[in-house]
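Hi,

Here's the structure I said I'd pass on.

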Amino acid sequence: MKRAVTILLALCMVSACASTSQGSGANARSGPLTTTVRGDAGFQQPSVQNIDGVSGLIGARAEGLTRHFGDARLDLSEGDARKLQFASDQCVLDIFLYPLEPGAAPTATYVEARSPNGGAKIDEARCIRELGGR
């Protein structure tokens with residue numbers, strides 16, 4: 001019985017390693033983090049989004065974003081990463097903040113917008129305009 005449990009645990013560990021290595025390619029292409037590790041152990045260099053309509057947000061800190069849009073509907077932190085979410089009846093805007101170098105304050109590096117009804121992707125610049133600012 002003990003041997004069967006050991007084999008089962010080993011298979012689970014191999015399966016977990018395989019699924020995370022397959023997922024890294026998709027994250028590097030469409031997600032806010034790349035898989036490149038720089039000098040400090042555990043630090044991942046974020047991808048900085050460069051699309052029309054978001055350049056005014058990219059590089060902003062959380063304080064500036066909340067001054068512009070008001071209180072975030074959602075404010076999540078995990079490690080040195082942070083996600084702020086702003087929403088209206090027309091759209092939901094997720095802004096991902098990551099430090100650009102080890103020990104730096106997180107700044108906006110990636111923005112995603114979607115419909116509040118069904119979650120279909122919508123134009124980020126349109127959502128930013130819709131949310132306006134204060």
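Predicted model: local features only at pLDDT ≥ 70, side-chain atom pairs only at ≥ 80, totals over all residues.

A quick definition to start: two strands pair if DSSP finds at least two bridges between them. Helices (H or I, at least four residues) and strands (E, at least two) are DSSP runs, numbered from the N terminus.

Residues are numbered from 1 along each chain as its sequence is written, and side-chain values use heavy atoms, with hydrogens and water left out.

Let's begin with strand β5 (residues 92-98). β5 pairs with strand β6 (residues 107-114) in the antiparallel sense, over 7 bridges, and Leu 97 stands opposite Ala 108 in β6. β5 also pairs with strand β4 (residues 81-87), again antiparallel, over 6 bridges. There, Leu 84 sits opposite Ile 95, and a hairpin of 4 residues joins β4 to β5.

Why is β5 largely enclosed by the rest of the structure? Because 7 of its 7 residues are buried (under 20% relative accessible area; exposed is over 50%, partly exposed in between; 1.4 Å probe, protein chains only). Val 92, Asp 94, Phe 96 and Tyr 98 are buried on one side, and Leu 93, Ile 95 and Leu 97 on the other. In a regular strand, side chains alternate between the two faces of the sheet.

Now helix α2 (residues 62-69): Ala 62, Leu 65 and Phe 69 are buried. Seen down the axis of α2, the buried residues fall within an arc of 60 degrees (taken from the directions from the helix axis to the C-beta atoms), so they line one face of the helix. They pack against β4, β5, β6 and α3 (124-131), contact meaning heavy atoms within 4.5 Å.

Cheers
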